[in-house]
Amino acid sequence: MKKIDLGILDNADDDIIEKLPPFSSDEETRKRVLSMSEKKFDELMNEKNKGNVSEYAESVSGVEKYRRPVWHKALGVAAAVALIAGGIGTAAVIKNKSPKSSDSMLAALTTEEQNIAATDTAATTDAVSVQAAAPVIDISNDEVRFMAAAYAPYLLDISADQQQKLAAAINSDSWTPCDVNAPLPDGEAFNMYVYNNGAPYSLTLYGDNTVKLEGMGEATRWYVPAETAKAITEAANPAAYENAISDHLTWCDISSINVNDIWKNTRAGAKECDMTDKKDIFYKMNNTLDYFDRASGVIKRGGFELSGYGSMAVSEFQVDLNTAKAYECEENYYGFSTHLTSLDESVTKDDTAIISSQDGEYCYTAGISKDTYSKIPGVVHRIDTPTVPFEELRPKDDSFNEYDNWNSRRQMLGGIAVDCIENYRMAVDYLQDFDKWDIIGTQEVLGRNCVRIEGTYDVEYDAVKKFELYVDIETGVTVWMNGYDSEGRLKRFTVVENLKFDDEAEPVKTPDFTGLEEKQIVPHYGDGAPVSTDGNGIPQEATDTSPVTDPPADNN
Amino acid sequence: MNGEEYSSIRKRSREEAHRLLFEEYYNYVGTIVVNHLRNIAAAEDTEECISDVFAKIFFSLEEHPVTGDMRKFIATVAKCTSIDRFRSLSRRFEKSVSLDDEQFSGISSDDDLEAENERCELQRIVADCISSLGEPDSTIVIQKFYYNKTSRQIAGLLSMKPSAVRMRVKRAGEQLRAALAERGIKEESL
């Protein structure tokens, strides 16, 4: 029969590859390939033991000591890319339409490729004969960002010290022109982006000590002194920075890796939502993490018994989704009705605040015990909590029984500020059934422009039959929620005061655990709800401190 | 096998850890490699590339253990290596690697975003149509028309008789055409 051409499937996205029946080979082929792999692995190890690993690859490996468990996934890959020098960097290269090449480690895999590399360097190309005027490069007062295959798709924000050093080292007077179309050499390349007061340009350093300057629609290429190349290489190396991963590396959307857009991004492009549409409100509330990088505020959350007596938790919080740092200090108050919310004298207060925090690597909790604080590995970075499409947020059946209650992104911050920024209780529990709620309009609440929602359930759900909810239009986070029982009594409330985002947000506080004993806890979580070794669903203390990938699920 | 399990086995026996990881991910890596090299690589090049991928994975894991699910890590290394191999092969065959070459269409530019979206959508539909054939027909179709295996090779993989495979290739091929047509896709547009 006529062959069906399935070439359309070439270069497919991951999700499509996952759908395809996998490639397969007979046993003999598999054995042969495994044997080849082992041989090449031995060669790589021998090269490494001889010290033939590139200086840059070594230095990037050195960053490992700073790595956090979850970032490790992404940057472990980056480290692999540093060693093997390829794809992601290549992707960035292609996007920028400036073909670069592979690291020498890759070339070492086959002599054939080594030969190709040897004949493919710009160093063999003569400099252009016409002497062009050297560009004036002064980066001392600009914003500077780096991108390299070793850590793509993260970008590196240069420190002030490095910037001054680099500015002094870039002596463009001694640059000599090179044909901009000369072949690009194999080897590591570094992209430096300079904001230049709104007239951005980029500078790409290649292994043959040439740099390509691109900006304002023009491109030129120059030979630079070895000292300049060295300074750029050093500045582009995360190992040169203290706390590089938490303070200098930012994940960015690959489509924004260009001289104009790289400044804007700190997160993937978020879906535009129509906040007059139920579907979009529901989507945005479940994907709030796409709509801001940093946030801070004070959450007042509580509830009342029939007697009117109630409790209220007041939580000051700051979160930074890029660095996976967060802080929340929760104080608990008890009292009657309006006395409680106004925090007057009749209200009693727990003598210990509960502090929850993340430092990008560990989650910490203090206050539950008077003399200890817990330290739990397993922080999740935003890159590992991808956007959840609308279809996956919806129940699989009409009776809502098959909804995956854990299929949301709320686990990222381990429950910190969950009632505001990842308000799954509203988004999942109350808004799932679109017939049960209505959009009433928009209203400014506590300084935020909100969409007002009102809903009614057939029966009381968690003591609430009716609710009114104010959702921040810009981010999808909860600003205010009141829940009433069937008699119209206020049973639950959430109010978020002083809510700020991004540049206006307060910096993340660092908790002071001085005088407290550290207790390391290793949670063992499965796919969804907490599952421990004893089956109780409660994290157990353990001596094994190896990091885990799955984050602690909040128990709200 | 996740990262912790690999590390644990690695402590006992590196060779065993390599073998188990290879066995578990060989098909997955092969799928990614073929997906990138199918039009340019001979079978030997594909095998060479797969072995490169595993060598790099083993090498990287020596210094940088991965925690949790390793699939993403493995997929990234496989993709990177495949793209590099593609470039290498392109140079060998003196094929100009245009930045707009459809071999790189997995990485979209702003300019062709719409076309890229259409292509992705088409890929999804085709993948869905193949899945809808059910087993073993979906495997037979993909092995035959995408991985270019012979009926004998497919028979070996599926423990079927070559004649049975040939029969199923014909029938499944017709079903696939019908499924695509039902979704409004003509074969020539693939």
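Buried means under 20% relative accessible area, exposed over 50%, and partly exposed in between, with a 1.4 Å probe and protein chains only. Take A:Phe23: at 7% relative accessibility, this residue counts as buried.

Some ground rules. This is a predicted model, where local features need pLDDT of at least 70, side-chain atom pairs count only at pLDDT 80 or more, and totals for chains, interfaces and linings use all residues. Residues are numbered from 1 along each chain as its sequence is written, chains are lettered from A and ligands numbered from 1 in the order in which they are written, and side-chain values use heavy atoms, leaving out hydrogens and water.

Now the rings. A pair of aromatic rings is described by the distance of the centres and the angle of the planes. Rings of Phe, Tyr and Trp (its six-membered ring) pair if their centres lie within 6.5 Å; planes under 30 degrees apart are stacked, over 60 edge-to-face, and the rest tilted. Over all chains, that rule gives 20 aromatic pairs.

One of them joins A:Phe23 and B:Tyr147. Their centres are 5.4 Å apart and their planes sit at 85 degrees, so this is an edge-to-face pair. It crosses between chains: A:Phe23 is in the loop between helix 1 (14-19) and helix 2 (27-49) of chain A, and B:Tyr147 is in the loop between helix 6 (137-145) and helix 7 (151-158) of chain B. Helices here are DSSP runs (H or I, at least four residues), strands likewise (E, at least two), numbered from the N terminus. B:Tyr147 is buried too, at 8%.

Both rings belong to one aromatic cluster, whose members include A:Phe41, B:Phe54 and B:Phe58.

Next, B:His18, in helix 2 (residues 14-37) of chain B. It is buried, at 1% relative accessibility. What does B:His18 touch, leaving aside neighbours within four places in sequence? In chain A, A:Leu34, A:Glu38 and A:Phe41; in chain B, B:Tyr6, B:Phe58 and B:Glu62. Contact means heavy atoms within 4.5 Å.

On to helix 3 of chain B, residues 43-63. Of its 21 residues, 16 are buried, so the rest of the structure largely encloses it.

Last, charges over rings in chain A. The rule: NZ of Lys or CZ of Arg within 6 Å of the ring centre and within 35 degrees of the ring normal. A:Lys278 lies over the face of A:Trp437, 5.1 Å from the ring centre. A:Lys284 lies over A:Tyr291, at 4.6 Å.

Methods: The expected span of a helix is 1.5 Å times one less than its number of residues.
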